[in-house]
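Hi,

Here is the structure I promised to pass on.

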Amino acid sequence: MDFGEIASRVINEDYKFFEELSAAKGFSSELAYFLLDHALRPFLRCYALPYQLTVAQEDFHWEMSICPICGSPANFSRVRAEDGQRFLFCEHCFTEWRSKYLSCIYCGNTEPNTIKYLMVEGDDAHQLFVCEKCKGYLKTFDERKGRMKTDLFIAGIETVYLDLIAEEEGYTNKTENERNLN
Ligand SMILES: [Zn+2]
Ligand SMILES: [Zn+2]
């Protein structure tokens with residue numbers, strides 16, 4: 001196998017490539033993708049470090065839901081305690097970037113009545129922002145309601161129940177191809 005090509009296919013989320021490779025080699029494509037994706041993440045984090053200060057600056061504008069450094073789609077955000085600023089988080093390279101508080105990260109919808117948030121009783125820090133226009137959802141940690149600092153990577157894993165609720169309610173975070181990424 002060409003490992004250079006495999007790394008590039010993982011970063012570009014080329015699921016079709018892994019389906020074909022796994023059919024040819026006789027292994028599970030989902031498991032292979034999962035393992036290779038996680039094997040590459042430490043590299044992506046090191047790669048992203050020199051750029052993160054620039055991305056964090058106030059004059060850096062990136063109104064997209066995909067990571068400005070590694071190109072992965074974001075599916076978690078936090079709302080900063082001090083000023084209510086929302087940051088999208090990339091779980092691949094751990095980069096954060098500013099995003100509007102009330103705007104759908106997938107279709108750009110900003111109509112207040114069509115964007116709402118859901119949460120589980122007794123836990124108002126972890127929220128699910130949903131868009132009625134494109135049926136997209138985004139998990140959010142609101143620092144104003146919970147502990148100040150949280151590990152967003154761990155928080156993403158700890159809140160799998162929010163993904164299940166969102167999917168049950170008919171929302172998705174996996175239809176990037178059909179959406180206009182601003
Ligand atoms: Zn990234
Ligand atoms: Zn939307």
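This is a predicted model: local features need pLDDT of at least 70, side-chain atom pairs count only at pLDDT 80 or more; totals for chains, interfaces and linings use all residues.

E2 has a partner in E1 (residues 76-79), and the two run antiparallel with four bridges joining them. Within that pairing, Arg-78 is bridged to Phe-87 of E2. The E1–E2 hairpin has six residues between its strands, and Gly-84 there takes a positive phi near 75°.

E2 also pairs with E3, again antiparallel and through four bridges. Here the bridge partner of Phe-87 is Arg-98 in E3. So which residue in the turn of the E2–E3 hairpin has a positive phi? Phe-94 does, at about 65°, in a hairpin with six residues between the strands. Phe-94 is not a glycine, and its loop runs between strand E2 (86-89) and strand E3 (96-99). Phe-94 is partly exposed, because 19 other C-beta atoms lie within 10 Å and a buried residue would need 20 or more.

**One more positive phi**

Glu-13 is another non-glycine with a positive phi, about 50°. You'll find Glu-13 in the loop between helix H1 (3-11) and helix H2 (15-25). Glu-13 counts as partly exposed because it has 16 other C-beta atoms within 10 Å.

Cheers

How values were computed:
Residues are numbered from 1 along each chain as its sequence is written. Chains are lettered from A and ligands numbered from 1 in the order in which they are written. A residue is buried if 20 or more other C-beta atoms lie within 10 Å of its own, exposed if 12 or fewer, and partly exposed in between; C-beta atoms are placed from the backbone. Two strands pair if DSSP finds at least two bridges between them.
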